[in-house]
Amino acid sequence: MKRKYSLKNKQIIDNLFKNTKPKKNDYFLVYLQKVEQKNFKFLIGIGKKYGNAVRRNLMKRKIRYIIYDIKDKIKPENTFALVVSNRTKELTFKELRKELTRILIKTKVMEL
């Protein structure tokens, strides 16, 4: 994933978590904000209860790969934070992809 898609600004991140209500399913929480910009920006959050650093980084890598695959369908005005639940450990990669696309469609981050 290129750096232009990463959400790094602390003020924007704080504003995103404070002023938006998350949409959720069993595996993810999505905080969404519409901002005028050229590219969408996103953030992946995984708590320490998920597992050690190796497991957390592996899950982030999988999610980044899925988002990279569907980046053409994601609307460019979206800024979103994706918080991962502990229950995603149970999922295979195919199920993870299905659940992630389902929540992104539900929140209208991505088009069909």
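Predicted model: local features only at pLDDT ≥ 70, side-chain atom pairs only at ≥ 80, totals over all residues.

Biologist: Why is Tyr-31 called buried?

Modeller: Buried means under 20% relative accessible area, exposed means over 50%, and partly exposed lies in between (1.4 Å probe, protein chains only). Tyr-31 has a relative accessible area of 13%, so it is buried.

Biologist: And what makes Phe-17 partly exposed?

Modeller: Its relative accessibility is 33%, so Phe-17 counts as partly exposed.

Biologist: How many aromatic pairs does a search of the whole structure find?

Modeller: The search finds 6 aromatic pairs. One of them is Phe-17 with Tyr-31, at 4.7 Å centre to centre and 70° between the planes, which is edge-to-face. Rings of Phe, Tyr and Trp (its six-membered ring) pair if their centres lie within 6.5 Å; planes under 30 degrees apart count as stacked, over 60 as edge-to-face and the rest as tilted.

Biologist: What does the pair of Phe-17 and Tyr-31 tie together?

Modeller: Phe-17 lies in helix α1 (residues 10-19) and Tyr-31 in strand β2 (residues 28-34), so the pair links parts that are 14 residues apart in sequence. Helices (H or I, at least four residues) and strands (E, at least two) are DSSP runs, numbered from the N terminus.

Biologist: What kind of aromatic pair do Phe-42 and Phe-80 form?

Modeller: A stacked one, with 5.9 Å centre to centre and 20° between the planes. Phe-42 belongs to strand β3 (residues 41-46) and Phe-80 to strand β4 (residues 78-84), so this pair joins parts 38 residues apart in sequence. Both rings also belong to one aromatic cluster with Tyr-5 and Phe-40.

Biologist: How do you know that the chain is as compact as a globular protein of its length?

Modeller: The chain has 3 helices and 4 strands. Its radius of gyration is 13 Å, close to the 13 Å that the globule rule gives for 112 residues, so the chain is as compact as a globular protein of that length. The radius is taken over C-alpha atoms, and the rule is 2.2 Å times the number of residues to the power 0.38.

Definitions and conventions. Residues numbered from 1 in each chain as written. Heavy atoms only, no water.
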